[in-house]
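Please read the points below with the model open.

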Amino acid sequence: MDVMPKWADVILIPVISIILAAILSALVILAIGENPWAALKLMVSGALGSTYGWGYTIYYATNFIFTGLAVAIAAQAKMFNIGGEGQALLGGLGVAIVCLYIPWPHWTVALIGAAAAAALFGAAWAAIPAFLQAKRGSHIVITTIMFNFIAAALLNFLLIGALKAPGMEPATSKFPEPAHLPSFQDMFNFGDTTFFRGAPANVTFFVALAACLFVWALVWRTRLGYEIRSFGESESAAKYAGISPTKIIMVTMLISGALAGMMAINNVQGEAERLVLNAAEGAGFIGIAVALMGRNHPFGVLLAALLFGFLYQGGAELALWTSIPRELIIVIQALVILFTGALDNMVRMPLERLFLAMRRA
Amino acid sequence: MTLAQKFLGASAALALTAGAAAADPAILFDLGGKFDKSFNESAYNGAERWAAETGGSYAEVEIQSDAQREQAIRRFAESGANPIVMAGFSWGTPLAEVAADYPDTKFAIIDMVVDAPNVRSVVFNEQEGSYLVGMMAALTSETGTVSFIGGMDIPLIRKFACGYAQGAKAANPDVTVISNMTGTTPAAWNDPVKGSELTLAQISQGSDVVFAAAGGTGVGVLQTAADEGILSIGVDANQNHLHPGKVLTSMMKRVDTAVYDAMSDGADMETGFNVMSVANHGVGFAMDANNEGIVGYDVLAATYAAAAQIEAGELAVHDYSSDETCPALDF
């Protein structure tokens, strides 16, 4: 029997962790002579106080949903996919190629085509480490990390060579107009009042929500999902039950890579509308924290991604309007990751003791 | 005073500071951050010099993500900051989209050309300064091999490398020029350990003068060169003082001057296309007490002669970015 009720595991622990991180962040801000309350207010109003702020928060969250889901589904098979960054970069390459070289008639088909290309490229990038794990036992953590660097090098090579637009910048040219995705500003424009003005959130957010639903249904409502979870719980038991480890490792990693790759329709097609160097900007690594915090469940990933979106956009507001240095904003973001991810047991164990004591009483 | 009042007061003060930014200039740094010991730091120094001399204040932001570029330009423009100076070619695309929305705000962009009536585009002839330090390197080298360490393989850095190789080959047609790039991720701009490794590798290939155009990575290059007893060449700012007597010279790219000028001109800043070259001392090489003992008289004479020729338009250094080829170096 579980020591704690489910709601305590899912809600109470993350909330307490965030509060602890916030207290520590406040002390840090206080130590450099700024007002933590004002900083918090600025973060909240900047990230959640207007449709504009929400537009940025949702944009970042969309990236993190994809990479978080990628880590989460691999984790269901007890595999640690650290290669989300490289898979997202390759996804960007796929998006750029289909957007630049195929004359799409309308954004709807362009979105489908780009999403397919992003998923394909991301999955292909995950396939090699997956194959090495399945057939040769090379540890997936090591190989996926190494593939991040190979991806960066490959993109660097292509963006100063074959794909570079004329000029000094290592980037492709702008995608043609029909391949541009509608932003929230285009979608929620009701006459006089413009919502989400200038914000990069776009239709991809709904694709991300659909991806959450897809992962949930796949993992908990299909035979494949059952096999993935069985394999994750015990490889030898799964083998005994006739589940092929090779198949599960390959399929899970392909889905994981495809999800990470699909992030590119948000940042490359939706926001930048061209491929630049280092397009993923660390979202692949944030995905690890998002999945950890979201307990590898799609709904948890969604909430955690929104939290990190808030931290990113709130952090941008802090950078714009206060003299809190950028490094410290990263410290605040890191504290949240530390408390929700790494220091999970620090909150969990006392809570478990508390619940046990309550039950005895 | 109750706690709530304190909080209210604090947020009011915050609102006031944000309001006071109106009509002040603003500077937007690139992803490297303002203390990158290189390009951004040079821009920061220019802004600080302006603030120290005029007693004025300026708004600034170090972005963390490409998505924040347009956001930062818009937010500063809407807050009334004028002029808004941005350092780095990556600001070009967002500025080109945003500039027309704020016709009363003046923008200055460094290292990129944006064609809009309210934008000043400042570009540097890095190839000229690199040519001059390349000459000094080849003329000083005893092994006949000189080398270059770039941060990342991007066109801008190739422009440095190409000028350097041209200068070296002009001074000594038989010279061997080795060129290496540090990496392919943004970490390449701040990786002194890798810089040190590359320097050692180049020394083993015979190089005895190394030019680093690699941001913070250059610190490791200069350090290793000094430790191993070869000469190095600094970049962007005057880095001669880092290892006195061991840094041959520094290729000066006066980003600080460009920022200082834009901020000094204020809201009346003239817009258009500005080229910073050897002729207007926007680029050049650094001579000071730290390196005067190690630069030979004939080396200096030849370099000044070449600088005068460039200034007079008699000597044209090939610009890599003009056609993306380099006559002196293969990439």
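The notes go from the overall chain to the interface and then to the helix pair.

1. The model is predicted: local features need pLDDT of at least 70, side-chain atom pairs count only at pLDDT 80 or more, and totals for chains, interfaces and linings use all residues. Residues are numbered from 1 along each chain as its sequence is written, and chains are lettered from A in the order in which they are written.

2. The C-alpha trace of chain A spans about 70 × 60 × 40 Å along its principal axes. Of its 361 residues, 51% count as buried (20 or more other C-beta atoms within 10 Å of the residue's own, with C-beta atoms placed from the backbone).

3. In the interface, 31 residues of chain B are in contact with 27 residues of chain A (C-beta atoms, placed from the backbone, within 7 Å). On the chain B side, α1 (3–20), β2 (59–62), α3 (68–78) and α6 (155–171) each supply at least two residues. Helices are DSSP runs of H or I with at least four residues, strands runs of E with at least two, numbered from the N terminus. The most comes from α3(B), with six residues.

4. Helices α7 (residues 192–204) and α8 (residues 217–228) of chain B pack at an angle of about 40 degrees, with axes 7 Å apart. Axes are lines fitted to C-alpha atoms over the stretch in contact, and angles run from 0 to 180 degrees between N-to-C directions. The contact includes Leu200(B) and Ile203(B) of α7(B) and Val221(B) and Ala225(B) of α8(B).

Methods: Two residues are in contact if their C-beta atoms, placed from the backbone, lie within 7 Å. A residue is buried if 20 or more other C-beta atoms lie within 10 Å of its own, exposed if 12 or fewer, and partly exposed in between; C-beta atoms are placed from the backbone.
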